[in-house]
Amino acid sequence: MSDSKVIFRCDANSTIGSGHLMRSIALAEACAELGLRPVFATELMNSRDQERLLKRGFTHRPLPKGDTQSKVLAELKGDALVVDRYDLPGDYLSPFAQTGRPILQLIDAGKPLSEVSIALNQNLDAQIPERDGLTRLCGLSYALLRKRFR
(Lines give C-alpha, C1' and ligand atoms only; values in the text may rest on other atoms or scores of the structure.)
Protein backbone atom coordinates (compact mmCIF):
# COMPACT_ATOMS: atom_id res chain seq x y z
CA MET A 1 0.00 0.00 0.00
CA SER A 2 1.32 3.45 -0.87
CA ASP A 3 1.58 6.49 1.36
CA SER A 4 -1.26 8.13 -0.58
CA LYS A 5 -4.13 8.59 1.82
CA VAL A 6 -7.83 9.14 1.07
CA ILE A 7 -9.84 10.58 3.94
CA PHE A 8 -13.49 9.50 4.18
CA ARG A 9 -15.75 11.86 6.15
CA CYS A 10 -19.00 10.11 7.02
CA ASP A 11 -20.90 9.07 10.13
CA ALA A 12 -23.02 6.10 11.18
CA ASN A 13 -25.14 5.40 14.23
CA SER A 14 -28.62 4.21 15.18
CA THR A 15 -30.13 7.62 14.38
CA ILE A 16 -28.70 8.24 10.90
CA GLY A 17 -28.16 4.60 9.95
CA SER A 18 -25.23 2.96 8.18
CA GLY A 19 -26.03 3.59 4.51
CA HIS A 20 -23.55 6.43 4.07
CA LEU A 21 -20.85 4.38 5.74
CA MET A 22 -21.53 1.31 3.59
CA ARG A 23 -21.25 3.17 0.30
CA SER A 24 -18.10 4.90 1.57
CA ILE A 25 -16.71 1.46 2.45
CA ALA A 26 -17.39 0.35 -1.14
CA LEU A 27 -15.33 3.24 -2.49
CA ALA A 28 -12.64 2.72 0.18
CA GLU A 29 -12.30 -0.95 -0.85
CA ALA A 30 -11.71 0.15 -4.44
CA CYS A 31 -9.15 2.72 -3.27
CA ALA A 32 -7.33 0.06 -1.25
CA GLU A 33 -7.24 -2.23 -4.31
CA LEU A 34 -5.45 0.62 -6.13
CA GLY A 35 -2.89 0.85 -3.35
CA LEU A 36 -4.33 3.90 -1.61
CA ARG A 37 -4.78 4.04 2.18
CA PRO A 38 -8.38 4.76 3.30
CA VAL A 39 -8.78 6.64 6.59
CA PHE A 40 -12.25 7.16 8.03
CA ALA A 41 -12.77 10.36 10.01
CA THR A 42 -16.05 10.32 11.92
CA GLU A 43 -17.81 12.20 14.65
CA LEU A 44 -20.56 9.64 15.18
CA MET A 45 -19.72 5.95 15.08
CA ASN A 46 -21.11 3.02 17.01
CA SER A 47 -18.91 0.06 17.93
CA ARG A 48 -20.49 -2.28 15.34
CA ASP A 49 -19.76 0.11 12.49
CA GLN A 50 -16.28 0.84 13.79
CA GLU A 51 -15.64 -2.92 13.73
CA ARG A 52 -16.74 -2.97 10.06
CA LEU A 53 -13.93 -0.54 9.28
CA LEU A 54 -11.26 -2.20 11.36
CA LYS A 55 -11.91 -5.73 10.04
CA ARG A 56 -11.26 -4.39 6.53
CA GLY A 57 -7.95 -2.92 7.68
CA PHE A 58 -9.10 0.70 7.45
CA THR A 59 -7.90 3.32 9.89
CA HIS A 60 -10.51 5.12 12.00
CA ARG A 61 -9.88 8.61 13.36
CA PRO A 62 -12.60 9.99 15.66
CA LEU A 63 -13.22 13.70 15.13
CA PRO A 64 -13.86 16.13 17.99
CA LYS A 65 -17.29 17.70 18.26
CA GLY A 66 -17.48 21.38 17.49
CA ASP A 67 -15.76 24.07 15.50
CA THR A 68 -12.28 22.52 15.33
CA GLN A 69 -13.46 19.49 13.36
CA SER A 70 -12.78 20.87 9.88
CA LYS A 71 -9.28 21.97 10.89
CA VAL A 72 -8.51 18.51 12.31
CA LEU A 73 -9.81 16.98 9.07
CA ALA A 74 -7.33 19.07 7.05
CA GLU A 75 -4.51 18.17 9.46
CA LEU A 76 -4.97 14.48 8.58
CA LYS A 77 -3.11 15.41 5.38
CA GLY A 78 -5.09 13.31 2.97
CA ASP A 79 -4.30 13.32 -0.72
CA ALA A 80 -8.05 13.45 -1.35
CA LEU A 81 -11.22 13.80 0.71
CA VAL A 82 -14.50 11.93 0.24
CA VAL A 83 -17.50 13.46 2.00
CA ASP A 84 -20.78 11.62 2.55
CA ARG A 85 -22.71 14.11 4.67
CA TYR A 86 -25.39 16.63 3.71
CA ASP A 87 -25.65 18.71 6.84
CA LEU A 88 -22.18 20.23 7.08
CA PRO A 89 -21.83 24.02 7.53
CA GLY A 90 -21.11 26.00 4.37
CA ASP A 91 -17.43 26.66 5.14
CA TYR A 92 -16.72 23.24 6.68
CA LEU A 93 -14.52 22.04 3.81
CA SER A 94 -12.56 25.29 3.45
CA PRO A 95 -9.44 24.22 5.40
CA PHE A 96 -9.09 21.08 3.25
CA ALA A 97 -10.02 22.91 0.04
CA GLN A 98 -7.17 25.36 0.68
CA THR A 99 -4.71 22.48 0.24
CA GLY A 100 -5.74 22.26 -3.44
CA ARG A 101 -6.44 18.54 -3.15
CA PRO A 102 -9.59 17.04 -4.65
CA ILE A 103 -12.82 16.75 -2.69
CA LEU A 104 -15.46 14.23 -3.77
CA GLN A 105 -18.97 14.41 -2.35
CA LEU A 106 -21.38 11.48 -2.54
CA ILE A 107 -24.90 12.84 -2.97
CA ASP A 108 -28.39 11.54 -3.64
CA ALA A 109 -30.06 14.80 -4.61
CA GLY A 110 -29.48 18.53 -4.62
CA LYS A 111 -26.25 20.34 -5.20
CA PRO A 112 -22.84 19.59 -3.72
CA LEU A 113 -21.06 21.85 -1.26
CA SER A 114 -19.23 24.77 -2.88
CA GLU A 115 -15.68 23.49 -2.23
CA VAL A 116 -16.38 20.10 -3.83
CA SER A 117 -14.48 19.39 -7.06
CA ILE A 118 -16.15 16.05 -7.90
CA ALA A 119 -19.75 15.05 -7.16
CA LEU A 120 -21.04 11.50 -7.50
CA ASN A 121 -24.74 10.59 -7.60
CA GLN A 122 -25.09 6.87 -8.29
CA ASN A 123 -28.88 6.78 -8.48
CA LEU A 124 -30.90 5.77 -11.54
CA ASP A 125 -32.38 9.26 -12.00
CA ALA A 126 -29.15 11.03 -10.97
CA GLN A 127 -28.81 14.72 -11.65
CA ILE A 128 -26.18 17.14 -10.43
CA PRO A 129 -26.41 20.84 -11.29
CA GLU A 130 -23.60 22.17 -13.50
CA ARG A 131 -20.99 24.43 -11.94
CA ASP A 132 -17.61 25.68 -13.14
CA GLY A 133 -14.81 23.45 -11.92
CA LEU A 134 -17.12 20.60 -10.90
CA THR A 135 -16.79 17.12 -12.37
CA ARG A 136 -20.19 15.38 -12.26
CA LEU A 137 -20.49 11.60 -12.12
CA CYS A 138 -24.12 10.55 -12.54
CA GLY A 139 -26.01 7.29 -12.84
CA LEU A 140 -25.71 3.57 -12.37
CA SER A 141 -22.39 3.32 -14.18
CA TYR A 142 -20.92 4.91 -11.02
CA ALA A 143 -22.73 2.62 -8.56
CA LEU A 144 -20.65 1.91 -5.48
CA LEU A 145 -20.64 -1.83 -4.83
CA ARG A 146 -18.76 -3.42 -1.97
CA LYS A 147 -16.12 -5.97 -2.94
CA ARG A 148 -18.27 -8.99 -2.07
CA PHE A 149 -20.96 -7.86 -4.55
CA ARG A 150 -18.68 -7.14 -7.52
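Biologist: Which residue with a positive phi follows helix 2?

Modeller: This is a predicted model, in which local features need pLDDT of at least 70 and side-chain atom pairs count only at pLDDT 80 or more, while totals for chains, interfaces and linings use all residues. Residues are numbered from 1 along each chain as its sequence is written, and side-chain values use heavy atoms, with hydrogens and water left out. Helices (DSSP runs of H or I, at least four residues) and strands (runs of E, at least two) are numbered from the N terminus. After helix 2 comes a residue whose phi is positive, near 85°, and that residue is glycine 57.

Biologist: Is glutamate 29 buried or exposed?

Modeller: Glutamate 29 lies in helix 1 (residues 19-33). Leaving aside residues up to four places away in sequence, glutamate 29 touches Arg56, Phe58, Arg146, Lys147 and Arg150, where contact means heavy atoms within 4.5 Å. Buried means under 20% relative accessible area, exposed over 50% and partly exposed in between (1.4 Å probe, protein chains only). Because its relative accessibility is 12%, glutamate 29 counts as buried.

Biologist: Which residues does the cluster of ring pairs link?

Modeller: Rings of Phe, Tyr and Trp (its six-membered ring) pair if their centres lie within 6.5 Å, and planes under 30 degrees apart count as stacked, over 60 as edge-to-face and the rest as tilted; by this rule there are two aromatic pairs. Phenylalanine 8 and phenylalanine 40 form a stacked pair, 5.0 Å centre to centre with 15° between the planes. That pair joins strand 1 (residues 5-9) to strand 2 (residues 37-42). The ring pairs link into a cluster Phe8, Phe40 and Phe58.
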